[in-house]
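Student: I would like to go through this model residue by residue. Please state the cut-offs as they come up.

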Amino acid sequence: MPVIAVNTPTANYNVVIGRGLLPTLSRRIAKLTGSPATRLFVVTTPEIWKLWQRKFLASFPKDAKPVVLLHPSGESHKRFAAVESLLEQLAENKADRDSVLIALGGGVIGDITGFLAAIYMRGIRFIQVPTTLLAQVDSSVGGKTGVNLRAGKNLVGSFHQPLGVFIDIDILKTLPPAELRAGLQESVKAGVIRTPRLFRYMESESKAILKADPKALEKVVTASVKMKAEVVGIDERENGLRMILNFGHTLGHAIEAATKYKQLLHGQAIAWGMIAATLIAVERGMLGEAEAIRIVNTVLAYGPIPKFRAPAQQIVDLTGSDKKNRSGQRRFILPVSVGKVQIVTDVTEAEMLHATEQTLKLMQERGA
């Protein structure tokens, strides 16, 4: 069972990856907290709770069941109003400084639970139990938490590292195919930016991976988490190297905003964003055409990626409110080869518009 250490200046914790972890959660959490009597609160969605409540609760003694806080699913509910409601529920249930929150869900649940933990009583502990592939390979690791504003995604938040992360590959059995494929796009990203061996594996073994073969998925998840743990350990607060994790996110987040978070899953929007960034790199002469074709074809192999409706100019305009911008400059992560990227701050609006138009054309030809 792979155990990956995440070591940052503010926290050290492990990411445990395996099959059948849910039935062992109680003892694992007690070992982390140092006390089986610690009050636990699980934040999840009604849909996830319906699927996994029996197996989840079976792990805990009758007199130590976690308090369940339900939150509506979907990116549109990742807002302050939801956070305030959950904070009130914590207070009503007498959560204190020693309480521990458990995020049982995808990226939205993980981000919101981490933000709750960061601000409730000025900071309490929390644990990640990600239930989507996207959350397993990316958002559950690294301590980024937050919520959205109308102006943009994740504009309010905090860095707050979890106490631990437990990734149960078996949970992916109930994941809809579109959610699985969307999550795999984040692993394609991991391969492009820093892990060429992972990219080659995903390039050659797409059939086994898309069939959700447990061994193949465990290999993809483990390699993705190892890469992110290394990057976060070097740059916890995204002042340098960690920015490379945003490959595809500048235009990807703009696509999400332009479509009001209703037409695409996060990983699907990032897939189109990665293609657009790759096209910019080619136009600049930073990336060879053969490498670009490999990247684009591998992204598309983990589709079908849905089409969406949004004007190219609107998408470009929305990049202006991206939280990655600094001193008024849009930051792009552009590939220079498979496994290596460069942080660029001088991409022009004309370049973005051209790449977005090319991406929209490709979407019409090869999108779902």
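Tutor: Helices (H or I, at least four residues) and strands (E, at least two) are DSSP runs, numbered from the N terminus. This is a predicted model, in which local features need pLDDT of at least 70, side-chain atom pairs count only at pLDDT 80 or more, and totals for chains, interfaces and linings use all residues. Residues are numbered from 1 along each chain as its sequence is written, and side-chain values use heavy atoms, with hydrogens and water left out.

Student: In which helix is F80 found, and is F80 buried, partly exposed or exposed?

Tutor: The helix that holds F80 is α3. Buried means under 20% relative accessible area, exposed over 50%, and partly exposed in between (1.4 Å probe, protein chains only). F80 has 40% relative accessibility, so F80 is partly exposed.

Student: What accessible area do F80, L149 and L155 have together?

Tutor: Like charges are joined within 9 Å, and nonpolar side chains (Val, Leu, Ile, Met, Phe, Trp, Tyr) within 5 Å. Areas come from the Shrake-Rupley method with a 1.4 Å probe, and for residues only the protein chains shown count as cover. The three residues F80, L149 and L155 form a nonpolar surface patch of about 220 Å².

Student: How many residues apart in sequence are the parts tied together by E75 and K153?

Tutor: The side chains of E75 and K153 form a salt bridge, at 3.7 Å from N to O. E75 lies in the loop between β4 (67–70) and α3 (80–92), and K153 in strand β8 (residues 152–159), so the pair ties together parts that are 78 residues apart in sequence.

Student: Are E75 and K153 buried or exposed?

Tutor: E75 has 15% relative accessibility and therefore counts as buried. For K153 the value is 8%, so K153 also counts as buried.

Student: Which residues are linked with E75 in a network of salt bridges?

Tutor: Side chains of opposite charge can pair when their charged atoms come close. The network that includes E75 also links K78, D111, K153 and E256.

Student: What is the N to O distance between R284 and E351?

Tutor: R284 forms a salt bridge with D346, with the closest N and O atoms 3.0 Å apart. R284 is partly exposed at 28%. The side chain of R284 also meets that of E351 in a salt bridge, and the N to O distance there is 2.8 Å.

Student: Which residues beyond its sequence neighbours is T33 in contact with?

Tutor: T33 is in helix α1 (residues 25–33), and its 13% relative accessibility makes it buried. Contact means heavy atoms within 4.5 Å. Leaving aside neighbours within four places in sequence, the contacts of T33 are T38, V100, R125 and L163.

Student: Why is the pair of W49 and F56 edge-to-face?

Tutor: Rings of Phe, Tyr and Trp (its six-membered ring) pair if their centres lie within 6.5 Å; planes under 30 degrees apart count as stacked, over 60 as edge-to-face and the rest as tilted. The structure holds three aromatic pairs. In the pair of W49 and F56 the centres are 5.6 Å apart, and the pair is edge-to-face because the planes are at 65°.

Methods: Salt bridge = Lys/Arg side-chain N within 4 Å of Asp/Glu carboxyl O. Patch = residues over 30% accessible without salt bridge, like charges linked within 9 Å, V, L, I, M, F, W, Y side chains within 5 Å.
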